[in-house]
Amino acid sequence: VGACCSIPEKDRKKYTCNRLKASSLNAQLQQNKTCEEENSKLVNEGKKYKDVIKMEETDVYRHLPQKVKFAYKWGLRHTNAQWFMKTDDDSVVRVDTLQRYLKKNYNSDDKIVLGKIVNGWGVPRSGKWAELNYKPNRYPKFPLGSVGHVVSASVASYITKNEKLLFNYQGEDVSIGIWLNESPLKSKIKWITSKHMTNNGNCEDKTKWVIGHNIRAPKMESCYKKQDEVLK
């Protein structure tokens, strides 16, 4: 997770931490309080569960490319993982099953991107996913963000090594597609669509390893409980 945006939401550009107008004193004091409370909750969460990694970037929707870069870098620096998965926080991942699936079917030394791969999508110029910096009218291949994606360590390593040179486009999914399409790895990338990953599924479906999205916490807990029962 990143830092709380210090600008009140109504005074900044939507999905960003870019100021649109000056804030009133009351609005700014309230935002300061909100950020203090958020940070306190994250500190307590981290102390209790040891499951929070903090990054310096402000945590807003348009900083997902920065967040995925940071996650890859942290993972490569602190683990020996051969695969890295990004998923939304309203999705369920059967981690053990996914791990076995990857080990059985793919070579982690290959340049692999796995998820729901889309190609030739039009580039939106307005709305939530407005793309103002990528000039072509269609995106190259990319892993659809709401489904999540898996990359081999070699792909994560390329992005990490070149993070400062790779422009952050409107989303992490299209950014990955553009980065790799414009990279020396372009001809080596294996783009794989997996039938076991979905953004419109039931998390009780044992044929899916990554299931999303819009799954609320109680439902997640129920699905994990049933998964644990099966594993026993």
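This is a predicted model: local features need pLDDT of at least 70, side-chain atom pairs count only at pLDDT 80 or more; totals for chains, interfaces and linings use all residues.
His213 lies in the loop between strand S9 (210-211) and helix H6 (217-231).

Backbone

- Asn214 belongs to the loop between S9 and H6. Its phi is positive, about 60°, although Asn214 is not a glycine.
- Asn214 counts as exposed, at 62% relative accessibility, because the cut-off for that class is over 50%.
- Tyr15, in the segment before helix H1 (25-49), is another non-glycine residue with a positive phi, near 75°.
- Tyr15 has a relative accessible area of 27% and is therefore partly exposed.

Aromatic pairs

- The count comes to 9 aromatic pairs.
- One of them joins Tyr101 and Tyr106: the ring centres are 5.8 Å apart and the planes stand at 80°, so this pair is edge-to-face.
- Tyr101 is buried, with a relative accessible area of 13%.
- Tyr134 and Tyr169 have ring centres 5.8 Å apart and planes at 85°, so they also form an edge-to-face pair.
- Tyr134 sits in the loop between strand S4 (117-118) and strand S5 (142-143), and Tyr169 in the loop between helix H4 (153-161) and helix H5 (172-181), so their pair ties together parts 35 residues apart in sequence.
- Tyr134 and Tyr169 are both buried.
- A cluster linked by ring pairs contains Tyr134 and Tyr169 together with Trp121, Tyr139, Phe142 and Phe167.

Charge over a ring

- Lys128 places its charged end over the ring of Tyr61, 4.7 Å from the ring centre.

How values were computed
Residues are numbered from 1 along each chain as its sequence is written. Side-chain values use heavy atoms; hydrogens and water are left out. Rings of Phe, Tyr and Trp (its six-membered ring) pair if their centres lie within 6.5 Å; planes under 30 degrees apart count as stacked, over 60 as edge-to-face and the rest as tilted. Buried means under 20% relative accessible area, exposed over 50%, partly exposed in between (1.4 Å probe, protein chains only). Helices (H or I, at least four residues) and strands (E, at least two) are DSSP runs, numbered from the N terminus. A charge sits over a ring if NZ of Lys or CZ of Arg is within 6 Å of the ring centre and within 35 degrees of the ring normal.
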